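Please open the model in a viewer and keep the sequence panel at hand. The stops below proceed one selection at a time.

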Amino acid sequence: MWKSRKEDEIPASTPSVFNPKEVRPVETPKPVNEFRSEVAHIGKSVLVKGELSGSEDLYLDGEVEGSVELRGHNLTVGPHGRVRAHIRAKEVMVHGKVDGNINADRVELKKSAIHVGNIVTQRVIIEEGAFFKGSIDVQREQKPEPKPAVTVAAVSSSPAASTSAPLGQASLLEPKR
Amino acid sequence: MGSVTHNLFRSIFRGGAAGNGPNQQPSAARVNRRSSGLNEFSKSIAGLEGLCILDLGCTSAPNISRLTGMGHKVCTEDLLDAALDPLLLVTGADGKRTVDVARFLRESLKYQGQKFDAVLAWDVPDYLPEPLVKPVVERLCALMKPGGILLAFFHTRDAGPDAPHCRYHIAGNDMLQLQATPRDGPAVFRLQRVFNNRHIENLFREFASLKFFLARDNVREVIVVR
């Protein structure tokens, strides 16, 4: 009576019935250095002299002299990175050495970082142990001004004011006949 | 609980590090203490925005965060680290090794056209090599705006080689966080001399006024107005 029914148990090795609707896509393992395809990479043996610009994120572990401009994209200076350049990017993270000014929305100096130069940013993070010589000018984020919706409502409610409204909007504000 | 309280008092009033267990790095220990000089400094910059402040101590993230958060522009320059550069050492006319003052001033404290409203000098003058003290104070005087304020600390007695060099972090309007510099680190700072009040007044004689505050841990805090 208390004996379990072996026929109800499904052995683990029993192949399940093939149901094409339940088949999940097989995930291929990501290659170890996949990030290299997403982030441009400059290795530690590379020396670049001149203007370095791009429209993708950059991991820089080599040496750069000149200027680095990545508008809207991030720059990471690796632990072997040696940059003697002015940097302009969206976000800059420094593990190595930078000699030059940094202009970015966010700047992060890691504990191994050595930076000589000025920083103009909206947010700066400096880890303990980082060396920094220069000035930091934190500029406040410029929030977009709210659209004057109240003004539009006021214009629509007062006929005298509607004459001063832009011509393009006047037709929209006119009551339907 | 009792031992914790005892350690805290010891660390505050004797300058030791609180809770230095075997697994803790001495450099990581930070001790809070009140500072009348810092309180005066904070009052003088309170309510103002867009000031230029020069921090001459070791790079301190809390100081930078606090001051930039108040809307000020901060310049940091680790003057002691620069003064210990072995490349600065030259042989003088008397055959002794000395610091090349001209070279130091060429490479440090160079802010063309920049004038500062406030300077955090901490205890840098106590640790600077002798030939650099006066030229550095003169350079600071030239870099500050009239009415600008400078905060400096001076030891009141020589505690010998056991006197720890500290990094100063601002923890509040009148609260400092002291962090002892590791003695096995890349740079070891030794107290060079002890200034008395007369020495300090002479050192800052180009400035408009001085105000002294005596702290409990053998440190004299001075507010100097340019």
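This is a predicted model: local features need pLDDT of at least 70, side-chain atom pairs count only at pLDDT 80 or more; totals for chains, interfaces and linings use all residues.

Begin by selecting S8(B) and strand S9 (residues 175-180) of chain B, which pair in the antiparallel sense over five bridges. Two strands count as paired if DSSP finds at least two bridges between them; strands (E, at least two residues) and helices (H or I, at least four) are DSSP runs, numbered from the N terminus. Within this pair, Cys166(B) stands opposite Ala180(B) of S9(B).

Residues are numbered from 1 along each chain as its sequence is written, and chains are lettered from A and ligands numbered from 1 in the order in which they are written.

Now extend the selection to the whole open sheet, whose three strands follow the order S1-S9-S8 (chain B) with antiparallel pairing. Strand S1 (30-34) and strand S8 (166-170) of chain B are at the edges, each with a single partner strand, so one side of each has no neighbour in the sheet. From one strand to the next, the twist averages 30° (axes are lines fitted to C-alpha atoms, and angles run from 0 to 180 degrees between N-to-C directions).

Next, select strand S10 (residues 209-214) and strand S11 (residues 219-225) of chain B, which run antiparallel and are joined by six bridges. Phe213(B) faces Glu221(B) in S11(B) as its opposite residue. The two strands form a hairpin with four residues between them, and Asn218(B) in the turn has a positive phi of about 60°.

Leu109(B), although not a glycine, has a positive phi of about 50°; it is found in the loop between helix H5 (101-107) and S6 of chain B. Trp122(B), also not a glycine, has a positive phi of about 50°, and its place is in strand S6 of chain B. Are these residues buried, exposed or partly exposed? Leu109(B) is partly exposed, with 19 other C-beta atoms within 10 Å, whereas Trp122(B) counts as buried, with 24 C-beta neighbours inside 10 Å. A residue is buried with 20 or more other C-beta atoms within 10 Å of its own, exposed with 12 or fewer, and partly exposed in between, C-beta atoms being placed from the backbone.

Leaving aside neighbours within four places in sequence, Leu150(B) is in contact (C-beta atoms within 7 Å) with Val119(B), Ala121(B), Leu140(B), Met144(B) and Val224(B).

For the interface, select the ten residues of chain B in contact with 13 residues of chain A. S3(B) gives the most to the side of chain B that touches chain A, with four residues. Strand S11 (residues 131-138) of chain A runs antiparallel to S3(B), joined by three bridges, and Gly134(A) has Thr76(B) as its bridge partner.

Finally, colour chain B by pLDDT, the predictor's confidence in each residue, from 0 to 100. The chain averages 82, and 83% of the residues score at least 70. Over residues 1-27 of chain B, pLDDT stays under 50. The model scores ipTM 0.76 and pTM 0.72.

Technical notes. Two residues are in contact if their C-beta atoms, placed from the backbone, lie within 7 Å.
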